[in-house]
Amino acid sequence: MHDKHLMICGATGCLSSGSAKVQEALEEELAKRGLQDRFRLVMSGCPGFCEVGPILVVYPDEVFYCRLTPNDIPELIEKHLIGGEVVERLLYQGPDVEAPARFYQTIPFYQKQKLKVLHNSGIIDPESIDEYIMRGGYRAFSRALKLEPMEIIDEVKRSGLRGRGGAGFPTGLKWEFTFRAVGDKKYVVCNADEGDPGAFMDRSILEGDPHAVIEGMLIAARAVGSDEGYIYCRAEYPLAIKLLKKAIEQATEYGLVGENILGYGFNFKFTIKEGAGAFVCGEETALLASIEGKRGMPRPRPPFPANQGLWNKPTCINNVETFANIPLILREGGLEEYLDVGTGGSKGTKVFALAGKVRNTGLCEVPMGISMREIIFDIGGGIKDGREFKAVQVGGPSGGCIPTEQLDLPVDYDSLTQAGAIMGSGGLVVMDDRTCMVDLARYFLSFTQKESCGKCTPCREGTKRMLEILEGICEGRGEMEDLDRLHDLAVGIKDTALCGLGQTCPNPVLSTIRYFHKEYEEHINDKFCRAGVCKSLFEYYIDPEACDGCTRCARVCPVDAISGERNELHIIDSELCNRCGSCVERCTREAIKVIPVRKEAEVKS
Amino acid sequence: MKRFIDPCCEKCDHSKEKPCQDFVECCTSGPICHESEACAAKRKAIMEKASLNEHFVII
């Protein structure tokens, strides 16, 4: 028995902020004091709050320590582990709490979350199958082995679970199609090729609770009649792959994977296929082609993978989060509990990766139907540096942006689609008033354009033409007719592109034109980028009323474009200025303003 | 018995070759095929070692 359990986040986010060094320091210090047997140290999965990593949660006390460094460890051991006194300075502190938040649940970031899929993440050792079993793991699979395939499928259908990878297709229906498809061999494939910039939901699930995905796949296999599965995971996720391999090894040793599983005559084996990082391989038919050793390119559907998938055999393909939902539904009493969460058309929870200009970046799991405002302001803590919210990009580069007026929109599949966005895989990029929406559309389109596989003309050529138009607008060469051209091209691509990625890639352009039309007009008619992003369309100007001559801006300017004596008004030479924005970041009085490019006469006057 | 896969006594013969249908339930609520306080205690000991608090184990 241990006095306490020390759960350090060992997921990729905290590792990159130094959690391995914190763990090393803890190990060394405990060993030095001969305490290693009293305190159990675990590199756990991600508790979600990446902004304040490295994170350590001490159990059973449930005290949440954050932003740790190796130097904090001696004090933490001395005061808390030995003395029983909480180290207040290492607790979570922020404008959203009155006093340092001592317990996990008192931190606002967690208060509106509903941890279902992530219920083990940060709680168990992801390398221990025993701990997964203690938390109710493999119970659902054990139960599924006693059910008929259609009984399993009916429960999944009744749960209302929709695919968490992007399109939101009903999972039970997909399983039924695969079950009814005729074939001497069937496959189950897990899509772990998470490619949206800023998205890491699937990586965190795999790193925190790999057995949940394996269990979900085993249940799917039992339901559709498959004996072989593939997990297609991008090679950029080495930790997830390592933990998956270990989990499969353990499940095989325990008789939960392999031949005659638990004596039910059911066989299943896993193969992990590492993807090379092409965005298009997240599209299901491109992913299957990649597993087959071909170039990752989509093919027309129908036939759908449920009928003709991997090597032309019926294939059930779902993403990581979808599979991780399955054990929650299939366990004893799970369906009723599952139906209690969510909205009519969107049941359960959704994991989102919160990124961008929000204070609390990280991973959160929320009930479907929660408002975007609650996610961004209650969980996310609002906008960084006290700036104003402008929009949130939902669903990755193929998603759409939601403006301030839509902040109370319930987050579910249908509402997001109506608003011109998509649920996508769960990426949320928050933008403040310093984001240019035209440039944002250009950025996302440049991403999808570069990642276009080139197979179909609408996506290959259409996105290129759209990008040229957007670049022209950002550089001051736009004309109002461009907006019609953009719209027509976007609709054409949506209607005719071969795959889902092509069909959705115009979404950022369409949604920004819809909600930020005035900003496009300003770029085209006034040649002005109000956000100060499109470098040809603005100048910096120092407001004489606000400038106190502190010289900070002049000192940081890389091209010496700012002149002025201490305590006197400073001036920017627009000819020299390269609009890098360093002075704006440095000025504490918001004295540097963005103004339209002045004509020579205006400058002289 | 250090892990759930280890047999609690000679009466447990779950293995890949001779699988027991009740294995998963047996890990946390066992032993199921025989009655033994000592064997139940062995399972409890595994769980107590990793349990973070009283809500940790879900049966």
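Select helix α11 of chain A, residues 238–253, in this predicted model. Among the elements that cover its buried residues are α5 (129–134), α9 (201–208), α10 (210–224), β6 (228–234) and β8 (266–275) of chain A. Helices here are DSSP runs of H or I with at least four residues, strands are runs of E with at least two, and both are numbered from the N terminus. Residues are numbered from 1 along each chain as its sequence is written, while chains are lettered from A and ligands numbered from 1 in the order in which they are written. Because the model is predicted, local features need a pLDDT of at least 70 and side-chain atom pairs count only at pLDDT 80 or more, whereas totals for chains, interfaces and linings use all residues.

**Along α11 of chain A**

Which residues of α11(A) are buried? They are A240(A), I241(A), L243(A), L244(A), A247(A), I248(A), Q250(A) and A251(A). A residue is buried if 20 or more other C-beta atoms lie within 10 Å of its own, exposed if 12 or fewer, and partly exposed in between, with C-beta atoms placed from the backbone.

**The nonpolar cores**

Next select L56(A), V213(A), I219(A), A220(A), I375(A), V392(A) and L428(A), the residues with the most contacts inside the largest nonpolar core, which has 187 residues. The helix α10(A) gives the most to this core, with ten residues. A nonpolar core is a set of buried Ala, Val, Leu, Ile, Met, Phe, Trp, Tyr and Cys residues joined through C-beta atoms within 7 Å.

Stay on V213(A). Leaving out residues up to four places away in sequence, V213(A) touches C190(A), I205(A), L206(A), V320(A), F323(A) and A324(A). Two residues are in contact if their C-beta atoms, placed from the backbone, lie within 7 Å. For a second, separate core of twelve residues, select members including I562(A), I572(A), A591(A) and I592(A).

**Domains of chain A**

Colour chain A by its domain assignment: domain 1 (4–111), domain 2 (129–339), domain 3 (349–432), domain 4 (437–526) and domain 5 (538–604). These bounds come from an automatic or database domain assignment. The centres of domain 1 and domain 3 of chain A, taken over C-alpha atoms, are 28 Å apart. Their contact takes nine residues from domain 1 of chain A and eight residues from domain 3 of chain A.

In the loop between β10 (349–356) and β11 (362–367) of chain A, select N360(A). Is N360(A) buried or exposed? N360(A) counts as buried because it has 24 C-beta neighbours inside 10 Å. Apart from neighbours within four places in sequence, N360(A) is in contact with F49(A), E51(A), F109(A), L354(A), I379(A), G380(A) and G381(A).

**Where chain A touches chain B**

Show both chains. The contact takes 23 residues from chain A and 24 residues from chain B. On the side of chain A, the elements that give two or more residues are α5, α6 (139–144) and β7 (258–261). The largest share, four residues, comes from α5(A). By class, this side of chain A has eleven nonpolar, seven polar and five charged residues. Ala, Val, Leu, Ile, Met, Phe, Trp, Tyr, Cys and Pro count as nonpolar, Asp, Glu, Lys and Arg as charged, and the others, Gly among them, as polar.

**Backbone details**

Between α5 and α6 of chain A lies a loop that holds Y138(A). Y138(A) is not a glycine, yet its phi is positive, about 65 degrees. Y138(A) is buried, with 25 other C-beta atoms within 10 Å.

In the loop between α12 (284–291) and β9 (315–319) of chain A, select P303(A). A cis peptide bond joins P302(A) and P303(A), with omega about 0 degrees.

**Last stop: chain B**

Select P31(B), in the loop between α1 (23–29) and α2 of chain B. The peptide bond from G30(B) to P31(B) is cis, with omega near 5 degrees. Then move into helix α2 (residues 37–50) of chain B and select K44(B). K44(B) counts as partly exposed because it has 14 C-beta neighbours inside 10 Å.

Conventions: The expected span of a helix is 1.5 Å times one less than its number of residues.
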